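Please keep the sequence and the 3D view at hand while reading.

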Amino acid sequence: MVEAAYKAVHAALRADLLDRILQNSPSFFEQVIVELLVAMGYGGSHRNASEQLGKSGDGGVDGVINEDVLGLDRVYVQAKRYAPGSAVGRPEIQAFTGSLVGLGASKGVFVTTSTFSAQAVEFASRIPQRVILIDGRRLTELMVEHGVGVRSSRVLEFKRLDEDFFSED
């Protein structure tokens with residue numbers, strides 16, 4: 001019962017996160033991505049990540065973020081805030097991939113608040129560039145997992161018998 005209740009609360013939280021992202025501006029969405037990538041260990045610091053992400057019109061990418069603190073490798077990011085029910089299609093993924101090729105890049109992350117079409121997913125899985133697709137569901141899962149836009153309100157601790165304590169060996 002506890003597990004079922006947890007799953008229901010978690011699903012409602014993810015839906016609320018997505019609604020709130022869509023209620024805010026495109027620049028807020030880019031900031032959410034910065035916060036998430038930094039929480040996941042990319043970009044070095046919030047300041048460095050913020051300076052690199054959110055520069056629209058840069059050859060078909062929304063930004064570049066360091067893969068590590070030293071900036072030895074870079075990941076190119078595309079962010080599309082689409083309404084629910086609208087899927088990102090293959091043409092958008094092809095355009096992003098073309099931008100990666102033009103920049104001499106091998107890695108990219110395409111983040112959307114909606115979903116990806118089957119053709120877009122299939123295309124991304126076959127190209128030589130490594131393009132990670134993060135849809136709205138995965139975005140909110142990652143936000144919860146990494147504590148972005150959420151906070152703990154109550155922690156329940158379940159205790160069990162400590163078998164080692166009762167062992168007389």
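A residue is called exposed when its relative accessible area is over 50%, buried when that area is under 20%, and partly exposed in between. The model shown is a predicted one. With these cut-offs, Gly 85 counts as exposed, because its relative accessibility is 85%. Gly 85 sits in the loop that links E3 to strand E4 (87-88). Between the C-alpha atoms of Gly 85 and Ser 114 there are 6.9 Å, although the two residues are 29 apart along the chain.

The overall layout comes next. The protein chain contains seven helices and seven strands. Read from the N terminus, the order of its elements is α-α-α-β-β-β-β-α-β-β-α-β-α-α. The chain has 169 residues, and 35% of them count as buried. Its accessible surface is about 10,600 Å², with 52% of that belonging to carbon and sulfur atoms. If contacts between residues at least 6 apart in sequence are taken, 59% of them join residues at least 24 apart.

In soluble globular proteins, nonpolar side chains tend to be buried together. In this model, the largest nonpolar core has 19 residues, and the members that touch the most others are Phe 29, Ile 33, Val 111, Leu 139 and Met 143. At least two residues of this core come from each of helix H1 (2-23), helix H2 (26-39), strand E3 (74-80), strand E5 (107-112) and helix H6 (136-146). H2 gives the largest share, namely five residues. A further core lies apart from this one; it has 15 residues, including Val 64, Val 88, Ile 93 and Phe 110.

With residues up to four places away in sequence left out, Met 143 touches Leu 17, Ile 21, Val 32, Leu 36, Val 148 and Val 150.

How do H1 and H6 cross, and within what distance do their axes come? The axes come within 9 Å of each other and cross at roughly 110°. Angles of 65 to 115 degrees count as roughly perpendicular, and H1 is therefore roughly perpendicular to H6. On the H1 side the contact is formed by His 10, Leu 13, Arg 14, Leu 17, Leu 18 and Ile 21, and on the H6 side by Gly 136, Arg 137, Leu 139, Thr 140, Glu 141, Met 143 and Val 144. Sorted by class, the residues of this contact are seven nonpolar, three polar and three charged.

Ala 15 is another residue of helix H1. Its relative accessibility is 39%, so Ala 15 counts as partly exposed.

Helix H4 (residues 90-103) packs with helix H5 (residues 118-126) at an angle of about 30°, and their axes are 8 Å apart. Because angles under 35 degrees count as roughly parallel, H4 and H5 are roughly parallel to each other. H4 brings Arg 90, Ile 93, Gln 94 and Thr 97 to the contact, and H5 brings Gln 119, Ala 120, Glu 122, Phe 123, Ala 124 and Arg 126. By class, these are four nonpolar, three polar and three charged residues.

What does Thr 97 touch, not counting residues up to four places away in sequence? The partners are Phe 123, Ile 127, Gln 129 and Val 131. Thr 97 lies in helix H4, and with a relative accessible area of 6% this residue is buried.

Notes. Residues are numbered from 1 along each chain as its sequence is written. This is a predicted model: local features need pLDDT of at least 70, side-chain atom pairs count only at pLDDT 80 or more; totals for chains, interfaces and linings use all residues. Side-chain values use heavy atoms; hydrogens and water are left out. Axes are lines fitted to C-alpha atoms, for helices over the stretch in contact, and angles run from 0 to 180 degrees between N-to-C directions. Helices (H or I, at least four residues) and strands (E, at least two) are DSSP runs, numbered from the N terminus. Angles under 35 degrees count as roughly parallel, over 145 as roughly antiparallel, 65 to 115 as roughly perpendicular and the rest as oblique. Contact means heavy atoms within 4.5 Å. Ala, Val, Leu, Ile, Met, Phe, Trp, Tyr, Cys and Pro count as nonpolar, Asp, Glu, Lys and Arg as charged, and the others, Gly among them, as polar. A nonpolar core is a set of buried Ala, Val, Leu, Ile, Met, Phe, Trp, Tyr and Cys residues joined through side-chain atoms within 4.5 Å. Buried means under 20% relative accessible area, exposed over 50%, partly exposed in between (1.4 Å probe, protein chains only). Accessible areas come from the Shrake-Rupley method with a 1.4 Å probe; for residues, only the protein chains shown count as cover.
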